Amino acid sequence: MTQSIIVQVGQCGNQVGCRFWDLALREHAHVNKKGIYDEALSNFFRNVDTRRSDGENSDITGGKIRSLKARAVLIDMEEGVVNEILQGPLRDVFDNTQLVTDVSGSGNNWAVGHRIYGPACQEQVVEKVRRAAEHCDSLQCFFLIHSMGGGTGSGLGSYVLRLLEDEFPEVYRIVTSVYPSAEDDVITSPYNSVLAMRELSERADCVLPVDNQSLVEIVNKIRYMSHQGKPGHVIKKDSTVISGQGGACGAEKPFDAMNNIVANLLLNLTSSARFDGSLNMDLNEIAMNLVPFPRLHYLVSSLTPLYTLADVSVPPRRLDQMFTDAFSRDHQLIRADPKHSLYLACALVVRGNVQVSDLRRNIERLKPSLPFVSWNQEGWKTSLCSVPPVGHTHSLLALANNTCVKPTFLELKDRFMKLYRKKAHLHHYLHVEGMEQGCFTEAISSLSSLIEEYSQLDATKRMLTPDVPRLTIAT
Amino acid sequence: MSVVTLNLGQCGNQVGQELLNVVSNDAFNAQKNCPGVQGKTYYACALDRFFREEQTGELAARAVLIDMEPKVINHAIATAAKSDMWKYGDGSYFCEKQGSGNNWAKGFCVHGPQHEEAVVELVRREVERCDRLAGILTMMSVAGGTGSGMGTYITQCLRDMYPHSFILNHLTWPYSTGEVIVQNYNSVLTLSHLYQLSDGMLVHENDTVHKICAQLMNIKHISFSDINKIIAHQLGSVLQPADVGGTQSDYSRNPVGDLMSSLACHAEYKLLSMSAIPHMSSSSLAYSSFTWPGLLKHLRQMLIANARMEEGIDWQVCVPPVRQGAERTREIKQLQFNTSLANLLILRGKDVSCADSGAFLHPGLYSSWLPPEAAFRTWSSLMPFNGYEKSATLISNSQSLLQPLNKMVGKAWNMFASRAYIHQYTRFGISEEDFLDSFTALEQVISSYTCL
Ligand SMILES: Nc1nc2c(ncn2[C@@H]2O[C@H](COP(=O)(O)OP(=O)(O)OP(=O)(O)O)[C@@H](O)[C@H]2O)c(=O)[nH]1
Ligand SMILES: Nc1nc2c(ncn2[C@@H]2O[C@H](COP(=O)(O)OP(=O)(O)OP(=O)(O)O)[C@@H](O)[C@H]2O)c(=O)[nH]1
Ligand SMILES: [Mg+2]
Ligand SMILES: [Mg+2]
């Protein structure tokens, strides 16, 4: 069995991370009734004997659960959020050896996070990550969680990404990035996002972009549906998708509902690495199958069911609806319309009581309505995990490498240019040593060329592409 | 003589286990149902092929299990141990913690060289435990990373180590869609490399076997285990003891060597396909009876019309009159007639001596450059196989894999033209040149089979 480490950076990264740990614990508690430390748990958790007096907690393999410790490194340049976590209900799964903090924050400035805190924290970050890695016997993947809009998550987060690449070149790097909405209260968020994106394009194996506007819309729609309260349409109270209820954390904080959605994305993505199934998708198969060109590794994700509610018995019609919904606009975690753009590849990560024949039937049914790039007409990767999310009988995570990410990037570019033309707030960045205007121009041209790559693929959509002439053999 | 099987990757290990189940069950049943000398000889010969007796009296498979992740192997070892019939040899496996992630290059360039020594040592140990080695049978899928990439690398090592032994590769070809997006690349790389190394490649296509499960076995929710049972049945029907021409005592002959000498007679033609008849769920089997003329008539039509299953055979296709040169080739295309280079027919069961396979000797079935007597062989055994009173299996070196191969290469080539996914391979040391070489090699194979 392999292990993964979560590196959560900045306020957003830590808050989303927290929701992930809470729900992960709850999911394992639901499945693992005997309290035995099993392979599934070992993916994200260590089992340690805390009674040892020498301070160094030693790992216990197998046997009863003693004390679970998250395989995580928590990084923030202010203390508020991390302290709250350490005093909250999850305090037992973290300890001081997993933290890297400072006091003043990056002030929504990528340059402060990347150029000042990056080098300053480098040694500490590497040491803590290495320590977490030493507790793994086969470390497979880092999950970096951060926001693109602030200073620490975007600046230091992308710096940490580089450290991971340098120190652990063999370990996969999957990044969950929360993109700011258009009305974001951080004025400099377009700068921060574009500067961070350049790093993500170069150094991540996969990026799962999520945008706050979509999360807000999803949460609102769920609230609306659950308050309608039609008989037979009740959202089950214990469904992890929509609420944190039943978890260790009591009262809900403002971002919690939104962060639950992101946490569920990660839970589903890693389900096959944690639990058994008849068709496993290992984490190292994700990039291999979904990333045809190195920079085009942005995967649009959608979760279902979100609004159709957790019934106990599932007529096949309802099951098919789950597959249909995964391709609709209002289930995507960024504002995007995959059906009207071009698919480069698509993965379906299914959990629960679903058969291979259900998968095949639905792919056959949906394929005609989904445009795929000419050289990957059969670009489907599927996985089946037998354990469904808590409170559901089945679930689906669709990961699409699709040109529908382009509008999000174009919009970001526009917002960046609006500020940049006026040189607004630029001096805050240029103050920082080593930060030159060149960094901005390089970042924006990196984004432009990424957009251009998607455009070129998009352009092939309407062309009739005949088969490429084959090699001829002299006979 | 004994066969050492080498199971690689998830598919190889799962199919390999099913094969051992089928041959051991069949051997035990033969002894039970046919108490005389005949049953005993069959039983002893079958077991000696695939198993050895340990000091404790337990039967251990002459098999080596290889995967880069532990799940599948752990499961295989545990279920075999529970079977009460046989087990895997102690320590006859090698696994690591992380698979090759569907990347042929990772299997071939990284895992292969890294673990060569350990794996080759396990095979050597098993080979040395055979009184007489018939050959090495490797089993793997061509679509993943470990079986295909590492399997190819290990085949290469074994070729160097045993230059004079037979190496037969059993390959599972992928479903056309839904599992591994880069499967056509992995397949092209595997097949092109193995073509240089292998003595023969015995192919099962998942799509075809799936259809057999659905239409002939009437299985609703088809699992890999169902598919593997069919594959194992067909493989077992070939590898179990049979009279290869001559007297019954020929049981001790070399099954792998005899198979190769009958079928793989030319370095450019190494692709072997299989079909068997009948396939039927055990519940319907009880109410059916078969005659040899009926079975052979169907099987022959399956051969010439290129159907892998007795349902939906095109009875319109017939053997064209023997003509010369280009004219003949054109006619073949129109008629969808499947030309053979060589065929091996294996008959098992009651009254097998009455079975007349003369219709397979029609010269029109074969390429013009081999006389039918050289191109066609029959093996037989009086023992009913695997619960079927009568059964017939045909292994064919013919054009029947041409179409799936051509599709596979075509799809990979389309992808390659955009250079999609190539960076995933160059990372580990497989270059664009290597791809081009592989494409060239397979276009050559396609062209050779087309002109048959
Ligand atoms: N979805 C979600 N978004 C958040 C959360 N917290 C902050 N954000 C968003 O993240 C962006 C601000 O980044 P933060 O993560 O707060 O900033 P930081 O990384 O801590 O950096 P500094 O505070 O500048 O040091 C804005 O776009 C917020 O809307 C959260 O818990 N969930
Ligand atoms: N017939 C059959 N095919 C299988 C089985 N398991 C996997 N496959 C096929 O094998 C291909 C995938 O290759 P695997 O054998 O799973 O891969 P692997 O060799 O373990 O390599 P990696 O997992 O990539 O390291 C697909 O085409 C599957 O359809 C099985 O038990 N039976
Ligand atoms: Mg902050
Ligand atoms: Mg595998």
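Tutor: A salt bridge is a side-chain nitrogen of Lys or Arg within 4 Å of a carboxyl oxygen of Asp or Glu. The model discussed here is predicted.

Student: How many salt bridges does the rule find across the interface of chain A and chain B?

Tutor: The rule finds three salt bridges there. In one of them, A:R470 pairs with B:E443, and the closest N and O atoms are 2.6 Å apart.

Student: Which element gives the most to the side of chain A that touches chain B?

Tutor: That element is α10(A), with six residues. By class, this side of chain A has 21 nonpolar, 13 polar and 10 charged residues.

Student: What area is buried between the two chains, and how many residues are in contact?

Tutor: The buried area is about 3,700 Å², with carbon and sulfur atoms giving 51% of it. A:M288, A:R470 and A:L471 supply 21% of what chain A buries against chain B, more than any other three residues. In contact are 44 residues of chain A and 42 residues of chain B.

Student: What surrounds ligand 2?

Tutor: Its shell has 24 residues, and the closest include B:Q14 and B:N228. Of the shell residues, seven are nonpolar, 15 polar and two charged. The element α1(B) gives the most, with five residues.

Student: Which backbone atoms lie beside oxygen atoms of ligand 2?

Tutor: A backbone N or O atom of B:N102 lies 2.7 Å from a ligand oxygen; for B:G145 the distance is 2.8 Å, and for B:Q10 2.9 Å. The protein buries 95% of the 650 Å² that ligand 2 exposes when taken alone.

Conventions:
Residues are numbered from 1 along each chain as its sequence is written. Chains are lettered from A and ligands numbered from 1 in the order in which they are written. This is a predicted model: local features need pLDDT of at least 70, side-chain atom pairs count only at pLDDT 80 or more; totals for chains, interfaces and linings use all residues. Side-chain values use heavy atoms; hydrogens and water are left out. A residue is near a molecule or strand if one of its heavy atoms lies within 4 Å of it. A polar contact is a pair of N or O atoms within 3.5 Å; within protein, one must be able to donate a hydrogen and the other to accept it, and residues adjacent in sequence count only if both atoms are side-chain atoms. Accessible areas come from the Shrake-Rupley method with a 1.4 Å probe; for residues, only the protein chains shown count as cover. Helices (H or I, at least four residues) and strands (E, at least two) are DSSP runs, numbered from the N terminus. Ala, Val, Leu, Ile, Met, Phe, Trp, Tyr, Cys and Pro count as nonpolar, Asp, Glu, Lys and Arg as charged, and the others, Gly among them, as polar. Contact means heavy atoms within 4.5 Å. Buried area is the accessible area (1.4 Å probe) that two parts lose on being put together, summed over both.
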